[in-house]
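This report is a short tour for a reader who has not seen the structure before. Please look over the sequence and the model first.

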Amino acid sequence: MKREIISEQETKTAAIKTVVCDPLEEQAAVLMSPNNEMLSYATGLAWRVVDDGGNIIRDETDIYVANYGEIKEGECVVSCGGKLPFSHVIHAVHDPETASTDLLNKVLQNTFKLAEKLKKPTLLIPCTNSTLKTVTGFVTEYLNSHENTCLFTVTLAMDETPDVVTKETPKSPVKRSNNVKYHLGCPTDGVKDAQGNHIIAHFVTGGSWSSRGCMGRITKAFGASPSAAFAGKTSPKKLGTVEMIRVKPSVYIYSLVLLQLPGPTISTDHLSTAFDILHHEAVKHNSTVHLHRPLESAISNLDWSKAHKLLTHTFRKVKVLVYTSQLQDLEKYSGGKRGGDAHEDAPGGKRQKMSPTKN
């Protein structure tokens with residue numbers, strides 16, 4: 001199925017995307033999946049969830065049903081995501097084809113309650129032409145009325161092109177953030193002597209730690225502990241995930257697993273998911289993000305102008321300092337400024353002139 005973004009709109013707290021896609025191939029932290037009262041995965045998307053995700057999902061919900069009995073209509077149960085590209089699946093007891101508006105609203109209310117408890121930044125909800133209007137209305141109202149929601153993106157997944165009902169709600173203009181600034185240098189320079197909490201973020205493959213590039217400079221600044229901790233985690237690592245290492249009480253290293261070999265190449269969907277997660281973590285730790293900007297020469301299909309738009313769209317609540325070796329980035333994205341001063345922008349930081357470094 002060809003993926004197509006139908007609409008994007010901003011609420012007071014998060015973005016809503018309507019996408020024609022295979023829901024089990026879409027990137028999100030949590031999937032809502034319809035199921036029956038016994039969670040038997042008999043048909044439709046529920047059957048595919050177990051078929052693609054593995055029996056570990058069924059095993060978890062079987063234990064729940066054995067302990068608590070049949071699940072009432074409108075209620076929800078959460079399980080792991082198994083082999084699916086989701087950390088969790090919320091099994092919502094209803095039939096989307098026959099559910100009344102009241103039942104659908106109850107399902108959505110319980111789904112969002114569980115999503116908030118999971119504290120995940122992205123949620124995927126499958127929709128049909130008959131449910132899209134109700135779901136869109138509920139999600140919009142919920143996000144506008146919950147200022148402290150953990151969610152930053154809710155994706156409404158359609159398995160067919162929406163009909164005229166969707167066209168009644170035109171695509172809203174997306175508000176951009178002014179929190180993204182560019183500097184010459186390396187993220188490790190940006191956290192020297194700076195006060196407050198800081199996240200150093202860089203793009204990696206799912207393989208081993210490198211002694212070159214940004215990884216090498218992190219090792220030089222913080223010793224062998226980041227590479228040892230990275231190697232100790234599951235390998236190979238799933239694309240679109242984020243690996244966190246704490247190197248100081250106030251400094252975290254976040255490795256964005258985005259680069260796929262050979263190439264390497266990068267997926268916009270994986271990048272969007274990783275940015276959502278990184279934004280959520282930065283808000284949680286009240287941190288400034290120091291992001292290493294990779295070069296197009298190193299990643300064959302990288303379009304940084306699109307990545308920059310995604311940055312300004314995603315990071316609405318935290319400051320991002322992007323470190324680059326290219327003067328044209330400062331001219332293009334920082335209003336023509338030809339220099340960077342990361343410590344001046346960091347909360348409580350000291351002024352320290354940055355110099356270009358080789359990528």
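Is helix α9 largely enclosed by the rest of the structure or largely exposed? The answer is given below, after a few words on the whole chain.

## The chain as a whole

The model is predicted. Its chain has 12 helices and 15 strands. Of the 359 residues in the chain, 53% are buried. Among contacts between residues at least 6 apart in sequence, 70% join residues at least 24 apart.

## Helix α9

Helix α9 covers residues 268–285. Of its 18 residues, 13 are buried, so α9 is largely enclosed by the rest of the structure. The cut-off for buried is under 20% relative accessible area.

At 1.5 Å a residue, the helix should span 26 Å, and its end C-alpha atoms are 26 Å apart, which agrees. After α9 comes Asn 286, which has a positive phi, near 50°.

## How α9 meets α10

Helices α9 and α10 pack at an angle of about 30°, and their axes are 10 Å apart. The crossing of α9 past α10 is right-handed.

On the α9 side, the residues that meet α10 are Thr 268, Leu 271, Ser 272, Phe 275, Asp 276 and His 279. Their partners in α10 are Ala 307, Leu 310, Leu 311 and Thr 314. By class, this contact has 5 nonpolar, 4 polar and 1 charged residues. An α-helix has 3.6 residues a turn, so residues three or four places apart point the same way.

## The largest nonpolar core

In soluble globular proteins, nonpolar side chains tend to be buried together. The largest nonpolar core here has 32 residues. Those with the most contacts inside it are Phe 203, Leu 256, Phe 275, Val 289, Leu 291, Trp 304 and Leu 311. Elements that each supply at least two residues of this core include the strands β8 (180–184), β9 (197–204), β11 (251–257) and β14 (287–292), along with the helices α9, α10 (304–314) and α11 (327–333). Helix α9 gives the most to this core, with 5 residues.

Leu 291 touches, among others, Phe 203, Leu 256, Phe 275, Trp 304 and Leu 311, not counting residues up to four places away in sequence. Leu 256 is found in strand β11 and counts as buried, at 0% relative accessibility. The C-alpha atoms of Leu 256 and Val 204 are separated by 5.9 Å, although the two residues are 52 residues apart along the chain. Leaving aside neighbours within four places in sequence, the contacts of Leu 256 include His 202, Phe 203, Thr 241, Ala 274, Leu 278 and Leu 291.

Val 154, in strand β7 (residues 153–158), is in contact with Leu 123, Val 139 and Leu 143, among others, leaving aside neighbours within four places in sequence. Val 154 is buried, with a relative accessible area of 0%. Val 154 and Leu 124 are 30 residues apart in sequence and 5.9 Å apart in space, C-alpha to C-alpha.

## A buried loop residue

Thr 128 has its place in the loop between β6 (122–127) and α4 (132–145). At 15% relative accessibility, Thr 128 counts as buried. Not counting residues up to four places away in sequence, Thr 128 touches Glu 97 and Met 158.

Terms used
Residues numbered from 1 in each chain as written. Predicted model: local features only at pLDDT ≥ 70, side-chain atom pairs only at ≥ 80, totals over all residues. Heavy atoms only, no water. Helix = DSSP H or I, 4+ residues; strand = E, 2+ residues; numbered from the N terminus. Expected span 1.5 Å × (residues − 1). Buried < 20%, exposed > 50% of the residue type's maximum accessible area, 1.4 Å probe, protein only. Core = buried A, V, L, I, M, F, W, Y, C linked by side-chain atoms within 4.5 Å. Contact = heavy atoms within 4.5 Å. Axes fitted to C-alpha atoms, helices over the stretch in contact; angles between N-to-C directions. Left-handed = near helix turned anticlockwise from the far one by under 90°. Nonpolar A, V, L, I, M, F, W, Y, C, P; charged D, E, K, R; others polar.
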